[in-house]
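Colleague: I would like to learn how to read side-chain contacts in a model. Please start with the terms.

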Amino acid sequence: IRIIEHPGFLAGTIMLSLAAAMWWMMWAHMGNPNMPDMGMMVNWSAKSLTGTSAMWIFMMLAMMLPAMVPMVATYAQISKNEVSGLPLVLRVVVFTAGYFSLWSVFSIAAAFTQTALAQTPWFEAGGTQALPAASGVLLIAAGVWQLTPIKDTCLRHCRSPMTFLMAHWKGGLRGAFPVGLHHGAYCVGCCGMIMGLMFVFGAMTVWWMAILALYFVAEKTIPRAETWGRIAGIVLIGAGLYVLFQTYWS
C-alpha cells in the first residue's frame, strides 16, 4: 500500500475536516442563538463539573483546530524525514495530543471558573455571561495582555512553525508529546486571555466563538499581526473603560 506522500497536506486536511464536523455539530444542536445546556445553573457536583468541562474542551477543540493547522502540517512534513507510514501518523497524533493536553487543562480550569462565577452577582446564565462591570474588567485585561512582551513572545513562536520546531525539536515518538506540549504552552499564552472574552460575549454564543476562532487564525497567519494585535489591544482597553464608565458614571 502506498502511504503518505504529502503528510503535511494530509494532516492539515484532516484537522480542518475535524474542525468543520465540530462546528456543524454545534450549529446542529443550537436551538437558539445560544448553545443549549451551557447556560444551565451549574453547581459543584461531579456530574455538573464533568459535563461543563466536556463542553469547554469540545469548544476549545473546535476553535483552536484551524489555528493549529500550520504547526501540525509543518511537524508532519519534518517528521517525514525520520519516519514514514503508520509510525509517522502515530507521531503526529502524539504531537497533537501534547498540544491539546494544555488546552484541555485550560478548558477544565474554565469550567471550574464558570462554576465559581455562577455563584457571584457579577455573572449570569450559569456563569457564562458577564454583567457590565465584569465585562469591562475582562475587556481591559485582554487588551493589556495584547500589549505585553509575553504576548509578543508567544505570538512569535506561534507564527513561525518552522522556527519553533527547529529550536525545540525532539526526535522519535518520545519527543513528539513534549514538543507538542511546549508549543501548547505558547499557544495558551498567546490566546488564553482573548479566550476569556467568551465570558463577555456569552460563553455559549456560537457566532462569537466563530469570530474569535477566525481572529486566532488571522493572528497566526496574516502579516503584521504584531502591529494590528496591539491596535486590537488598545481598542479592547478603550471598550472596557467605556463599559465601566457607562456602568458607574453615566
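Modeller: Buried means under 20% relative accessible area, exposed means over 50%, and partly exposed lies in between (1.4 Å probe, protein chains only). This is a predicted model, in which local features need pLDDT of at least 70 and side-chain atom pairs count only at pLDDT 80 or more, while totals for chains, interfaces and linings use all residues. Residues are numbered from 1 along each chain as its sequence is written, and side-chain values use heavy atoms, with hydrogens and water left out.

Colleague: How many salt bridges does a search of the whole structure find?

Modeller: Side chains of opposite charge can pair when their charged atoms come close. The cut-off for a salt bridge is a side-chain nitrogen of Lys or Arg within 4 Å of a carboxyl oxygen of Asp or Glu. The search finds 4 salt bridges. One of them joins Arg 91 to Glu 82, with the closest N and O atoms 2.6 Å apart. Arg 91 is buried at 7%, and Glu 82 is partly exposed at 44%.

Colleague: Which residue forms a salt bridge with Asp 152?

Modeller: Arg 230 does, with the closest N and O atoms 3.0 Å apart. Asp 152 lies in helix H5 (residues 149–159) and Arg 230 in helix H10 (residues 225–248), so the pair ties together parts 78 residues apart in sequence. Helices here are DSSP runs of H or I with at least four residues, numbered from the N terminus.

Colleague: How many disulfides are there?

Modeller: A disulfide is a pair of cysteine sulfur atoms within 2.5 Å. The count is 0. For Cys 154, the nearest cysteine sulfur, that of Cys 190, is 6.6 Å away.

Definitions and conventions. Helix = DSSP H or I, 4+ residues; strand = E, 2+ residues; numbered from the N terminus.
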